[in-house]
Amino acid sequence: MAKTLLRSGDLDDFQAVGGGGQAVFDSALQIREALRLRKQQALVDCLAIPQVNDEGDRVDWYSPVDGRAVSWKAADDEARFRALRYLESTMDSAFALSRKCIQSPKTAQQLFGSLLEKALQFPGENHVFLVDGKPVITFWGFVNLNESARENVLDCLRYEEVAEPVVELLPEPEPEPEPEPENEPVAPAAFTHADEPLLAPRPEVKPAASAPAVVAAYTAEAEPAVAAPVAKKRHRVGLWAIPVAVAVAAAIGVPLMLHQSSTDPESAQPAPVAVAPAPAPASQPVAVAPPPANAAPAQATTLPLHPAEVAATGTAKAADEESEPVVIAAIAKDALVMDATQVKLGSTRFLNGEWRLAMDIKDPVSGKAPTVRYQINNNKGTARIVHGKNVTCRADLFSGLHQTGELLIKSRGNARCSDGTRYPMPEITCKAGSNNVADCSARFDAKTTVAVTFRKTGD
């Protein structure tokens, strides 16, 4: 029987639905055969035929009828309209049969009814094809990851016609007249002393005959005026005080330097310049005393002339001799890396995605290691194990971080297998190793612990 291949894909890319504790896909061929025996050929022709590969992780969907296959999006509106009406009538019959079987007292009938209710779910319009004008659904019994089953299965095939928006041109608003600025009266500027100059004239400074006379004249002129203002003449201390102060400092400092040089002619160090004391009140002239004859020479403050050397310590030399180049190992692209920042914040975003697990165990029937795949998102996910003669097992997972930064991945029980058996699920523990690459181990029981390696898939 050569049929048309409609679509292929990985099972880990979708989420299986089911009822009665069993997945629809695990009994897909039995469901189609049961519908055929119940004279539901129209519904049987709407469900594509699945065929799993040898590894059990990829499935091909074939058309049950012959003809030219067209995707749902590529078909015209009239063909989609007819196919949608056909699917609505067919699924109404299927839901009626499902309710009838669920109400049956027999357990097998109840299980078939619950599976048939979820069997009509499919991920979206990309999984529906028109073969010779008739609709055929692929990946039935599946929904998209992190999505729940739709109440109305065919909602994704309906297109709501959106009315074209009516554009109304609003009249342009008339420009508002600009408010006229109010003329506020400006107070006229008052010039009370218009005839006076802006700066007082600088008085002429006559050269002083001796330092005490200059100091006395400076202190008399620099006294701040705190008395009542005089009506006829004003006294101000202006910019002329600066050259007077310079002259005072020069008159005092030059004799001191000459006396120092005469006392110690071999000394190369200049004597510090004496700073003039603060001006005294104008009523008492300041007398400057000459330096004593036996004044001691200034003390040398220069540093030694030979250059200083910094000796390296023995510890630094030993560290330089024993230092070795750091070797950084390359990280595999698909390795599970426990990001240090995320672990510190208690986040497990580094675990989101699809992973293939390699464990050092062998199946007793085939003698090969089972195929184990984990799909985890936000600490929740599913596990899929294929072992033996293409026996598929599934289990729900949950993960989390311990306070010590250790990653834990557990299941709520043993995995349910397609042959009715249960497969033991290990408890996986991961720690951040070299370069934060996860170092994981799987513990099946108190005596059985094996190493496990995570490899990212689906990228």
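A: A disulfide is called here when a pair of cysteine sulfur atoms lies within 2.5 Å. In general, a disulfide is a covalent bond between the sulfur atoms of two cysteines. This is a predicted model: local features need pLDDT of at least 70, side-chain atom pairs count only at pLDDT 80 or more, and totals for chains, interfaces and linings use all residues. Residues are numbered from 1 along each chain as its sequence is written, and side-chain values use heavy atoms, without hydrogens and water.

Q: How many disulfides does the rule give?

A: The count is two. Cys-430 is joined to Cys-440, S to S 2.0 Å.

Q: Which elements does the link of Cys-430 and Cys-440 tie together?

A: Strands are DSSP runs of E, at least two residues, and helices are runs of H or I, at least four, numbered from the N terminus. Cys-430 lies in strand S18 (residues 427-432) and Cys-440 in strand S19 (residues 438-443), so the pair ties together parts ten residues apart in sequence.

Q: Are Cys-430 and Cys-440 buried or exposed?

A: Buried means under 20% relative accessible area, exposed over 50%, partly exposed in between (1.4 Å probe, protein chains only). Cys-430 is buried at 0%. Cys-440 is buried at 6%.

Q: What is the S to S distance for Cys-393 and Cys-417?

A: Their S to S distance is 2.0 Å. This link is right-handed, with 100° about the S-S bond. Cys-393 sits in strand S14 and Cys-417 in strand S16 (residues 415-417), so the pair ties together parts 24 residues apart in sequence.
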